[in-house]
Amino acid sequence: MLLVWLGLASPALARVDPYVSQYLRATGPVELPWDAEGHTLTFTPEQLSDGKSRFQSACLNCHVGGSTLPAPNISLSLKDLRGATPPRDTIQALVEYQRDPRSYDGSKPSYGCRPVPPSWMDDEALRNLAAFILRAAQVAPGWGSNTFN
């Protein structure tokens, strides 16, 4: 009984961040948009937890709760992700943005967000990070705003 409570009986369960199951409502696989053509990818709670961990270590300084501290008028909300040029509301678009950050209107390089080369995060890790951001934008209360539901 104690092993179950400590999470030692099932390593898979131990790797799921409580935020992911509670606020991202991911207790099983979650389907997210892969590209603008309507293809999807499925992410496990463990992958979303990995994405959350990566977000905390690489993005949290500027993106607390999905806000954007250096540019408060542009958040990581689904509305703002969709409003970017090109839109950043799919896994593929977020990965492309993170590899080569561009301004919100797409006209020039973004110096507010550093590029994420494959030597820092491989494609799978970056997809997990993008999946966390996108799922949070879809369902996390208050994500990308100054109000909390």
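**Entry 1. Burial and overall fold**

I began with burial: of the 149 residues in the chain, 38% are buried, where buried means under 20% relative accessible area, exposed means over 50%, and partly exposed lies in between (1.4 Å probe, protein chains only). I note that the model is predicted, that local features need pLDDT of at least 70, that side-chain atom pairs count only at pLDDT 80 or more, and that totals for chains, interfaces and linings use all residues. Residues are numbered from 1 along each chain as its sequence is written, and side-chain values use heavy atoms, with hydrogens and water left out.

I computed the accessible surface of the chain at about 8,700 Å², with 56% of it belonging to carbon and sulfur atoms; such areas come from the Shrake-Rupley method with a 1.4 Å probe, and for residues only the protein chains shown count as cover.

I then listed the secondary structure and found seven helices and two strands. Helices (H or I, at least four residues) and strands (E, at least two) are DSSP runs, numbered from the N terminus. Along the sequence, the elements follow the pattern α-α-α-β-β-α-α-α-α.

I also looked up contacts, meaning heavy atoms within 4.5 Å. Of the contacts between residues at least 6 apart in sequence, 54% join residues at least 24 apart.

I asked which residues of α6 are buried. They are I91, A93, L94, V95, Y97 and Q98. The buried residues of this helix pack against β1 (30-33), β2 (40-43), α5 and α7.

I next examined T90, which lies in the loop between α5 and α6. T90 counts as buried because its relative accessibility is 8%. Not counting residues up to four places away in sequence, T90 touches P33, W34, D35, A36 and L134.

**Entry 2. Pockets**

I searched on a 1 Å grid over the protein atoms alone; a pocket is an open set of points with protein on both sides within 12 Å along at least five of seven lines, a cavity is a set where a 1.4 Å probe fits but cannot get out, and lining residues have an atom within 4 Å of a point. Grid points are joined across faces, edges and corners, and a volume is the space filled by probe spheres set on the points.

The largest pocket has a volume of about 640 Å³. I counted 31 residues in its lining, with H63, T68, Y97, G112 and C113 nearest its centre. Helices α4 (45-58), α5 (78-83), α6 (91-99) and α7 (123-139) each supply at least two residues of this lining. Which element gives the largest share? I found that α6 does, with three residues.

By class, the lining of the largest pocket has 19 nonpolar, eight polar and four charged residues. Ala, Val, Leu, Ile, Met, Phe, Trp, Tyr, Cys and Pro count as nonpolar, Asp, Glu, Lys and Arg as charged, and the others, Gly among them, as polar.

The second largest pocket has a volume of about 230 Å³. Its lining comprises 16 residues, and P86, P87, R88, A93 and E96 are the closest to its centre. I sorted this lining into five nonpolar, four polar and seven charged residues.

**Entry 3. Salt bridges**

How many salt bridges does the structure hold? I found four, a salt bridge being a side-chain nitrogen of Lys or Arg within 4 Å of a carboxyl oxygen of Asp or Glu.

R54 and D50 form one of them, at 2.9 Å, N to O. Both residues lie in helix α4, four residues apart, about one turn of the helix. An α-helix has 3.6 residues a turn, so residues three or four places apart point the same way. R54 is partly exposed at 27% relative accessible area, and D50 is partly exposed at 25%.

R99 and D123 form another, at 2.8 Å, N to O. This pair links distant parts of the chain, with R99 in helix α6 and D123 in helix α7, 24 residues apart. R99 counts as partly exposed at 21% relative accessibility, as does D123 at 43%.

I also recorded R82 with D89, where the closest N and O atoms are 3.4 Å apart.

**Entry 4. A58**

Is A58 buried or partly exposed? A58 counts as partly exposed, because its relative accessibility is 22%. Leaving aside neighbours within four places in sequence, A58 is in contact with R114, W120 and M121. A58 and L129 are 71 residues apart in sequence and 9.7 Å apart in space, C-alpha to C-alpha.
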